[in-house]
Each structure stands twice: as C-alpha cells, then as structure tokens.
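Student: Got a model open here and want to go through it piece by piece. Can we start with the pocket?

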Amino acid sequence: AVEDMLKRSEGTKTKFEEGTSQHTLQKNRVRALQIALALLRNEAGEELRETFAKDDLEKAKAPILSLISKSEKAKTKLDPACWQAKMLSRNLCALKLALPLLSEV
C-alpha cells in the first residue's frame with residue numbers, strides 16, 4: 001500500500017511547478033512515504049538512524065498524519081464495498097502501522 005502511494009505521489013509531483021505549494025506538499029509526502037516504507041520493510045535495521053536524520057523522521061509525521069486524515073475523510077464519502085474504499089482501508093492500515101515507527105527510531 002505504501003509503495004503504491006509513493007508511486008502515485010511521485011507521479012503527481014511532476015505535475016506541479018517547482019517552488020509552488022503543491023509541489024512542496026508532494027515533495028514532503030514523497031519523502032515521508034519513502035521513510036515509512038523503509039521503516040515498514042525494516043530494510044536498514046540499526047542503520048536507519050544513520051540513513052534518516054532525526055529531523056527527517058519528525059518532519060515525516062505531519063505528511064503521514066495528513067494522509068491519514070484525508071483518507072479517513074474520503075472513505076466516509078464512499079460505498080464501503082467499492083474499490084476506492086478498500087484501497088483507502090489498505091492505505092490507512094499501512095499508514096497507521098508506520099506512524100508509531102517514526103517515533104521509535
């Protein structure tokens with residue numbers, strides 16, 4: 001789910017002119033999702049502290065919280081049986097797993 005969100009965010013980022021608030025928002029989301037994916041995969045293990053600065057981990061929280069909030073709000077407007085609601089449920093589950101990991105490293 002996080003890989004899918006990351007791919008979509010990377011694609012969306014190219015649609016906005018660099019320096020605009022939309023581009024910066026997408027850039028921050030991409031970075032947060034990259035960190036979340038690494039934490040969920042635990043690819044780096046102990047090296048994670050060296051890979052991501054503590055500041056990066058703190059900055060990743062806001063975009064993750066924003067994605068959770070937006071996904072929860074969007075999900076309330078959908079039929080629970082539709083594919084979008086199922087996708088959002090999967091995304092929310094992954095984001096909620098990643099969020100506490102940002103504080104544990």
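Tutor: Helices α1 (2–13), α2 (21–41), α4 and α5 (83–104) each supply at least two residues of the lining of the largest pocket. Helices here are DSSP runs of H or I with at least four residues, numbered from the N terminus. The model is predicted, so local features need pLDDT of at least 70 and side-chain atom pairs count only at pLDDT 80 or more, while totals for chains, interfaces and linings use all residues. Residues are numbered from 1 along each chain as its sequence is written, and side-chain values use heavy atoms, with hydrogens and water left out.

Student: Which helix gives the most to the lining of the largest pocket?

Tutor: α1, with 4 residues.

Student: What volume does the largest pocket have?

Tutor: About 240 Å³, taken as the space filled by probe spheres set on the grid points, which are joined across faces, edges and corners. Its lining has 13 residues, and the closest to the centre are Met 5, Arg 8, Arg 29, Leu 67 and Ser 71. On a 1 Å grid over the protein atoms alone, a pocket is an open set of points where a 1.4 Å probe fits, with protein on both sides within 12 Å along at least five of seven lines; lining residues have an atom within 4 Å of a point.

Student: Back to α1. Which residues in it are buried?

Tutor: Val 2, Met 5, Leu 6 and Ser 9. Buried means under 20% relative accessible area, exposed over 50%, and partly exposed in between, with a 1.4 Å probe and protein chains only. Seen down the axis of α1, the buried residues fall within an arc of 100°, so they line one face of the helix. That arc is taken from the directions from the helix axis to the C-beta atoms.

Student: New topic: Gln 26. Buried or exposed?

Tutor: Gln 26 is buried, because its relative accessible area is 6%. The residue sits in helix α2.

Student: What does Gln 26 touch?

Tutor: Ser 9, Thr 12, Lys 13 and Phe 16, not counting residues up to four places away in sequence. Contact means heavy atoms within 4.5 Å.

Student: And where is His 23 found?

Tutor: Also in helix α2. His 23 counts as buried, at 11% relative accessibility. Leaving out residues up to four places away in sequence, His 23 touches Lys 13, Phe 16, Glu 17 and Glu 18.

Student: Last one: which residues does Glu 72 touch?

Tutor: Leu 92 and Lys 96, again not counting residues up to four places away in sequence. Glu 72 is in helix α4 (residues 54–76) and counts as partly exposed, at 34% relative accessibility.
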